[in-house]
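Here is a briefing on the fold, the strand pairing and the side-chain contacts of one protein. Please keep the sequence and the structure in view while reading.

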Amino acid sequence: MKNLVCMIVSAMIASLAFAQKVDEKTVPSAVKQSLQKQFSGAQRIKWEQENGNYEAEFVMNKTELSACFDATGMLIETEEEIPVAQLPQGALDYVKANHARQKAKEAARITAADGVVTYEAEVKGKDLVFDNNGKFIREKKYQSEKE
């Protein structure tokens, strides 16, 4: 019983290290201004903070997007939800070959501030990351609001 309590407390503390929702009032004005300048049509904006950076999740032109900024308002990356079928063919082939009994549930195109594009495919609680050509780069634990 003691171990169970310790595990639960540890899990709760660990979850605090991940992104946390924040009130728009606490987001620096430089960050909000940068969002409005670069994504003037953003609607239904929700803010999170992780490792000192601010992530805005929003809808623009009926597309779900997110943009990550540092505290000065500098854009770090944007993420756009895409249909799984729009992943590069190499990524689709990798998922089929290495996760035969699983399907990608969600996919995203990530564009870094320097223009480098990568893709993510959510498969069984993990994000598989691919380069622009669909070559597998790495696997990372999937983070979501539901966890």
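Accessible areas come from the Shrake-Rupley method with a 1.4 Å probe, and for residues only the protein chains shown count as cover. On that basis the protein exposes about 10,000 Å², and carbon and sulfur atoms supply 52% of it. The model is predicted: local features need pLDDT of at least 70, side-chain atom pairs count only at pLDDT 80 or more, and totals for chains, interfaces and linings use all residues. Residues are numbered from 1 along each chain as its sequence is written, and side-chain values use heavy atoms, with hydrogens and water left out.

**Overall build**

- The protein has three helices and nine strands. Helices (H or I, at least four residues) and strands (E, at least two) are DSSP runs, numbered from the N terminus.
- From the N terminus on, the order of elements is α-β-α-β-β-β-β-α-β-β-β-β.
- Of the 147 residues in the protein, 31% are buried. Buried means under 20% relative accessible area, exposed means over 50%, and partly exposed lies in between (1.4 Å probe, protein chains only).
- A contact means heavy atoms within 4.5 Å. Among contacts with a separation of 6 or more, 36% come from residues 24 or more positions apart.

**Strand pairing**

- Two strands pair if DSSP finds at least two bridges between them.
- Strand E5 (residues 75–82) pairs with strand E6 (residues 106–112) in the antiparallel sense, over six bridges. Here Ile82 stands opposite Ala107 in E6.
- E6 also pairs with strand E7 (residues 117–123), again antiparallel and over six bridges. Ile110 has Thr118 in E7 as its bridge partner.
- E6 and E7 form a hairpin with four residues between them. In the turn, Gly115 has a positive phi of about 95 degrees.
- In a regular strand the side chains alternate between the two faces of the sheet.

**Aromatic pairs**

- A pair of aromatic rings is described by the distance of the centres and the angle of the planes.
- Rings of Phe, Tyr and Trp (its six-membered ring) pair if their centres lie within 6.5 Å; planes under 30 degrees apart count as stacked, over 60 as edge-to-face and the rest as tilted.
- The structure holds four aromatic pairs. One of them joins Tyr94 and Phe136, a stacked pair at 4.4 Å centre to centre with 5 degrees between the planes.
- Tyr94 lies in helix H3 (residues 89–98) and Phe136 in strand E9 (residues 136–141), so this pair ties together parts that are 42 residues apart in sequence.
- Tyr94 is partly exposed, at 23% relative accessible area. Phe136 is also partly exposed, at 27%.
- Phe130 and Phe136 have ring centres 5.9 Å apart and planes at 70 degrees, so their pair is edge-to-face. Phe130 is buried, at 0% relative accessibility.

**Salt bridges**

- Side chains of opposite charge can pair when their charged atoms come close.
- A salt bridge is a side-chain nitrogen of Lys or Arg within 4 Å of a carboxyl oxygen of Asp or Glu. By this rule the count is three.
- Glu122 and Lys105 meet in a salt bridge at 3.8 Å, N to O. Glu122 sits in strand E7 and Lys105 in the loop between H3 and E6, 17 residues apart, and the pair links distant parts of the chain.
- Buried or exposed: which applies to Glu122? Glu122 is buried, at 6% relative accessible area. Lys105 counts as exposed, at 62%.
- Glu120 forms a salt bridge with Lys140, with the closest N and O atoms 2.8 Å apart. This pair links distant parts of the chain, with Glu120 in strand E7 and Lys140 in strand E9, 20 residues apart.
- Glu120 is buried, at 9% relative accessible area. Lys140 counts as partly exposed, at 32%.
- Lys126 forms a salt bridge with Glu139, with the closest N and O atoms 3.3 Å apart. The pair links distant parts of the chain: Lys126 is in strand E8 (residues 126–130) and Glu139 in strand E9, 13 residues apart.
- Lys126 is partly exposed, at 37% relative accessibility. Glu139 is partly exposed, at 39% relative accessible area.
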